[in-house]
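Hi everyone, thanks for making time.

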Amino acid sequence: MPGIADTNVAIASNSLVLIGASPISSFDDDDAGAVVANNIYDEIVEDSLTSYPWRFAIKQSDALSRLTTAPDAIWTAAYQQPTDVLAVRRVTVSDENIEYEIYGDKIFCNAGSTESVFLNYIYRVTEASWPPYFRVAVQYRLASIFALSVIQKADLAGAWADRADGQMRKARNIDAQNDTIPEISTTRLINVRR
C-alpha cells in the first residue's frame, strides 16, 4: 500500500496520476511529466505557501542582528532577514507590531539601538510537514498545470483548476481554526445599554 506523499517527487507524481499520466520516480526521469515538474514544482509550492498566512508555515525568528550601516533616509535601522524567509508577516519589538519596509533582503524600521527586533514569517516547509489539506490543494493545483502542459487538455486543466481553488478555500478555512479564537469583549456593549 502506498504511503502518504511526503516528498516533492511523490506529490508531483500523484498530480500526474490524477490527470491520467504516468507517475514519475524522479524529476530527472525522461518523460514530459518529470520535465514539467522539475521546472515548475518549487515555484508553485512557494507561491502556494505565500498566498495565505498558513499557521504551519509561519515561524518566529530569533532576535535579528542590527546592521552597522543605517539606511540613508526615512528609517533609522536595518536588519538582515533570515535566509529562509519567503514572506514577512510582521515585525515586532517587545511583542508590539512596528512599521517597517522591506528593501531586498533587508528589513528597515525605526527600532532603537537597544531594542530586540523579531520577525514572524512564512518559510519553505518541507513536504513531510504539510498538513493533508494543504498537500491535496497543491496536488490539485499541479494537476491543473500538468493537464495543460503534459497531456494538452484545456478542459481537464480547467476542471482541476476549479478543484484546486475549492480545495485552497477549504484548506484556508481549516488552517484558520489552528489559532486561539479571540474572545469578544461585551463590556462596551453592556455599558452602552445602561
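Strands count as paired here if DSSP finds at least two bridges between them. The names come from DSSP runs numbered from the N terminus, helices being H or I with at least four residues and strands E with at least two.

Before I go on, a word on the source: this is a predicted model, where local features need pLDDT of at least 70 and side-chain atom pairs count only at pLDDT 80 or more, while totals for chains, interfaces and linings use all residues. Residues are numbered from 1 along each chain as its sequence is written, and side-chain values use heavy atoms, with hydrogens and water left out.

Back to S7. Strand S3, residues 85–93, also pairs with S7, antiparallel and over seven bridges; there, Ala87 has Ile122 as its partner. Is S7, residues 117–123, mostly covered or mostly open? Mostly covered: five of its seven residues are buried, meaning under 20% relative accessible area with a 1.4 Å probe, protein chains only.

Now the helices. H1 and H2 pack at about 125 degrees, and their axes lie 11 Å apart. Axes are lines fitted to C-alpha atoms, for helices over the stretch in contact, and angles run from 0 to 180 degrees between N-to-C directions. H1 and H2 are therefore oblique to each other; that word covers whatever is left after under 35 degrees (roughly parallel), over 145 (roughly antiparallel) and 65 to 115 (roughly perpendicular). On the H1 side, Asn8, Ile11, Ala12 and Leu16 meet Gly33, Ala37 and Tyr41 of H2, with contact meaning heavy atoms within 4.5 Å.

H2 and H3 pack at about 135 degrees, with axes 10 Å apart. Among the residues making this contact are Gly33, Ala37 and Tyr41 of H2, and Phe134, Val138 and Leu142 of H3. H2 and H3 are therefore oblique too.

Last, H4, residues 154–176. Its 23 residues reach 33 Å from first C-alpha to last, close to the 33 Å expected, which is 1.5 Å times one less than the number of residues. Which residues of H4 are buried? They are Ala157, Trp160, Ala164, Gln167, Met168, Ala171 and Asp175. Their cover includes H1 (8–18), H2 (32–50) and H3 (132–149).

Methods:
Buried < 20%, exposed > 50% of the residue type's maximum accessible area, 1.4 Å probe, protein only.
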